[in-house]
Amino acid sequence: MGSAAPGMWAGLVLVAFLAASGAGASAGGALPRFAEAPEYRNGEGCPAPVAGAGVCDPGLVHIAMTLDAHYLRGSMAAIYSLLKHASCPESLFFHFLAADAAAPGVGELRSALAASFPSLRFEIYPFRADAVTGLISASVRAALEAPLNYARNYLADLLPKCVPRAIYLDSDVLAVDDVRRLWETRLPAAAVVAAPEYCHANFSRYFTDAFWSDPELGARVFAGRRRAPCYFNTGVMVIDLRRWRSGNYRHRIEQWMELQKEKRIYELGSLPPFLLVFAGEVEAVDHRWNQHGLGGDNVLGSCRPLHKGPVSLMHWSGKGKPWDRLDAGRPCPLDHTWKSYDLYVDQGDASSASAPSLTSLSSSALPAAVFSW
């Protein structure tokens, strides 16, 4: 792991999408205050940056995230955790996508990031919500209808063409391992996306009866794919952006979203179009990289334990977010682990103005096999 020390981060590229609208900002639209995180230096064996290459440096690792102002607190914790456990933290370069025509603006977001991560190299790009608004259908939970949930569809259009691949991460995740291990996932020639698959899940429930009974849809959609279709969670994916561009996968996803407007073929938000395009073609990744469902389901947000096995990344997918449950005084056991990385400064608590302790990571909240390889 990297060691704490001042320095410039330049090699592992994190791409995070920030919208400035939604819950989580304080009254008047101002962003909450966050503590300054420790800085970390590279360990031995990290690639030396190529002079003048910038974001096109072939030694970079690219990671993408989405959030709105409410999720900024989650994003700060996710970034902190990724830096803390990276073997080459000086290789982090963030590209943030901010929703245009939203407040607080890009300048305030830039200031918040710079205050917590003074040496962070990053850029912020505007994301036009109207690019996808007309394609979004009603979902089981209003939060799933936010345009920024669909920004992952446009990664290949927004990132520089020299970027070969990216790791996409939701903002409600916490890394407890070196993300470079995930970056090194092999993508065979036939694969565009790699992700943990969950073939024990009931795949049929992600689509309506109308979808499965339509002779032009249903099982016919998945016929001829490399493997039987399985559910995968889109909150953790390795995406080959060059193959995505050449295969015009954004357009393929949009075609399914257009059909959804005509026929109700699914109930969830941005997940089903990904399943329709990629299920059965995904390159499998070890489940340790997406211990998901910690936020419960999309209705109740109940507490859930970790799945059996080692853990490299925890994911609070579902309705319950750790910062909301902590603030409400009803945290789940694993929310205390997330709290170890929470940089949020409670305006009424002067003692919270420094970065949190990470001692809880050694508690029984995590299995002993968390770092076993």
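**Close-up views of a predicted protein chain**

**View 1. N248 sits in a loop between two helices.** N248 has a relative accessible area of 38%, so this residue counts as partly exposed, a class that lies between buried (under 20% relative accessible area) and exposed (over 50%), as judged with a 1.4 Å probe and with protein chains only. The loop that holds N248 runs between α6 (241–247) and α7 (249–262), where helices are DSSP runs of H or I with at least four residues, strands are DSSP runs of E with at least two, and both are numbered from the N terminus. The phi angle of N248 is near 50°, which is a positive value in a residue other than glycine.

The model is predicted, and for that reason local features need pLDDT of at least 70 and side-chain atom pairs count only at pLDDT 80 or more, whereas totals for chains, interfaces and linings use all residues. Residues are numbered from 1 along each chain as its sequence is written, and side-chain values use heavy atoms, with hydrogens and water left out.

**View 2. The whole chain holds 10 helices and 14 strands.** Of the 373 residues in the protein chain, 56% are buried. If one takes the contacts (heavy atoms within 4.5 Å) between residues at least 6 apart in sequence, 79% of them join residues at least 24 apart.

**View 3. Strand β7, residues 165–170, is mostly covered.** In a regular strand, the side chains alternate between the two faces of the sheet. In β7, R165, I167 and L169 point one way, while A166, Y168 and D170 point the other way, and all of these residues are buried. Strand β7 pairs with strand β12 (residues 236–240) in the antiparallel sense over 5 bridges, pairing being assigned if DSSP finds at least two bridges between two strands. Within this pairing, Y168 has M237 of β12 as its bridge partner.

**View 4. C46 and C88 form a disulfide, with their sulfur atoms 2.1 Å apart.** A disulfide is a covalent bond between the sulfur atoms of two cysteines, and here the term is applied to a pair of cysteine sulfur atoms within 2.5 Å. The link of C46 and C88 is left-handed, with -100° about the S-S bond. Distant parts of the chain are linked by this pair, since C46 lies in the loop between β3 (40–41) and β4 (61–67) and C88 in the loop between α1 (72–85) and β5 (93–99), 42 residues apart. Both cysteines, C46 and C88, are buried.

**View 5. A disulfide joins C56 to C162, with an S to S distance of 2.2 Å.** The torsion about the S-S bond of C56 and C162 is about -80°, so this disulfide is left-handed. The pair links distant parts of the chain, with C56 in the loop between β3 and β4 and C162 in the loop between α3 and β7, 106 residues apart. C56 is partly exposed because its relative accessibility is 40%, and C162 is also partly exposed, with a relative accessible area of 24%.

**View 6. C303 and C332 are joined by a disulfide, S to S 1.9 Å.** C303 lies in the loop between β13 (283–284) and β14 (313–315), and C332 in the loop between α9 (322–327) and α10 (335–339), so the pair ties together parts that are 29 residues apart in sequence. C303 is partly exposed, with a relative accessible area of 45%, whereas C332, with 3%, is buried.
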